[in-house]
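This report describes one protein model together with its ligand. Please keep the sequence and the structure in view while reading.

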Amino acid sequence: MASSTRVLRIDVVTPFPGMFSALDESIPGRAQITGRLVLAMHNPRDETTDPHRTIDDAPYGGGGGMVLKAEPIFRVVERITQEHGRGEIILLSPQGEVLTQSRVEELARLDHWVLICGHYKGVDERVREHLVDREVSLGDYVLSGGELAAMVLIDAATRLLPGVVGNPATVASDSYSAGLLDHPHYTRPEVLRGWSVPPVLLSGDHRAIALWRRQQSLLRTLQRRRDLLNLVSLSEEERRFLDRHDRSSCDDESDGGARTMEVECGHTSDREPDADARSCNGGGVQPG
Ligand code: 9D3
């Protein structure tokens, strides 16, 4: 099948299918309308056989809370597999591998996922042991369930599908700057409440604009996410640029680096220097 017509099918196993209506909006909504994304919800409650339609129960060994029962989850996944083949079975849980853009890219290459939403109660371990291929977390904070995490994963992958984001240059420029924070953006008017747009952006000098944007990305990453700089590949010149700004922003006798930045980056508005520029945590910028 040609890449331009490929379809990602995602079956979601969740007791709260209504939450996923958020994906009828924006980019995932359009991807569904154009047929590039097929989303289907499955409620494990529909696979229960008891009158109370029980999907959870008390934990063996005691303790508080409840645990999602394995059998309704196995049944719902078996039904999906019979109808649509065996996709990659992914459990959303706080114990999973933390989601990154490269993991999203890897998953977006597959053509069928089955997402199982964990819950605060936890999931019977046998689901993990005998059904799940991989386990994904969004990071170290507590959600009330896996639903929002599943939606994050779906949204992040959908915009990578061929033809979903209208302008491929948007996806390409995301990957070009991958690993660095974004540069500032401005739109009309040129002067807003006395705050002007950096003149370089109005100069029509496309090389100068590209350089300014790259430098702003580098500076922001240095100031806010120094950890990312060790993972990204930079030119010699970019390393020198960062080293220079790293020193000047940590020099007690300087102006916190603000004046140097204004001169080098053509920033002439009257706002305060970026508060982030004041943080000095020492240590040079490591070459990649
Ligand atoms: C008492 C220990 N908690 C684990 C840190 C229990 C627990 C809390 C929250 C078990 C499940 C949940 C519900 N969260 C998810 O299902 C979840 C999640 C998250 O809470 N944070 C980040 N990513 C994810 S993906 C699924």
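The sections below go from the overall fold to the ligand shell, the helix contacts and selected residues.

## Overall architecture

The model is a predicted one, and its secondary structure comes to 10 helices and 9 strands. Of the 288 residues of the protein, 22% count as buried. Among the contacts with a separation of 6 or more, 76% are accounted for by residues 24 or more positions apart.

## The ligand shell

The ligand is surrounded by 16 residues, of which G118, L138, L143, G146 and A149 are the closest. Strand 5, which spans residues 88–98, supplies the largest share of this shell, with 3 residues. By class, the shell around the ligand is made up of 8 nonpolar and 8 polar residues, with no charged residue.

## Helix 7 against helix 9

Helix 7 (residues 206–224) and helix 9 (residues 236–249) have axes that come within 10 Å and cross at roughly 50°. The crossing in which helix 7 passes helix 9 is right-handed. On the side of helix 7 the contact is made by Q215, L218, L219 and L222, while helix 9 contributes E238, F241, L242, H245 and D246. This contact of helix 7 with helix 9 has 5 nonpolar, 2 polar and 2 charged residues.

One of the contact residues on helix 9 is D246, which counts as buried because it has 22 C-beta neighbours inside 10 Å, the cut-off for burial being 20 or more. In sequence D246 and Q223 are 23 residues apart, and from C-alpha to C-alpha they are 8.6 Å apart in space.

## Helix 1 against helix 5

The axes of helix 1 (residues 26–33) and helix 5 (residues 147–158) come within 9 Å and cross at roughly 65°, and these two helices are therefore roughly perpendicular to each other. Helix 1 passes helix 5 in a crossing that is left-handed. The residues that make the contact are I27, P28 and A31 of helix 1, together with I154, D155 and T158 of helix 5. Sorted by class, the contact of helix 1 with helix 5 consists of 4 nonpolar residues, 1 polar and 1 charged.

## The loop between strands 2 and 3

The loop between strand 2 (37–42) and strand 3 (56–57) contains T54, and R53 is found in that loop too. R53 is not a glycine, yet its phi is positive, near 50°. With 13 other C-beta atoms within 10 Å, R53 is partly exposed; T54, which has 14 other C-beta atoms within 10 Å, is likewise partly exposed.

When residues up to four places away in sequence are not counted, T54 touches T48 and K69. T54 and P44 lie 10 residues apart in sequence, and the distance between them in space is 9.3 Å, C-alpha to C-alpha.

R188 and P189 are joined by a cis peptide bond, with omega about 5°. P189 is placed in the loop between helix 6 (168–176) and strand 8 (191–192).

The loop between strand 8 and strand 9 (195–196) holds R193, whose phi is positive, at about 50°, although this residue is not a glycine. R193 counts as exposed because it has 5 C-beta neighbours inside 10 Å, where the limit for exposed residues is 12 or fewer.

Terms used: Residues numbered from 1 in each chain as written. Predicted model: local features only at pLDDT ≥ 70, side-chain atom pairs only at ≥ 80, totals over all residues. Near = placed C-beta within 6 Å. Helix = DSSP H or I, 4+ residues; strand = E, 2+ residues; numbered from the N terminus. Nonpolar A, V, L, I, M, F, W, Y, C, P; charged D, E, K, R; others polar. Axes fitted to C-alpha atoms, helices over the stretch in contact; angles between N-to-C directions. Left-handed = near helix turned anticlockwise from the far one by under 90°. Contact = placed C-beta atoms within 7 Å. Parallel < 35°, antiparallel > 145°, perpendicular 65-115°, else oblique.
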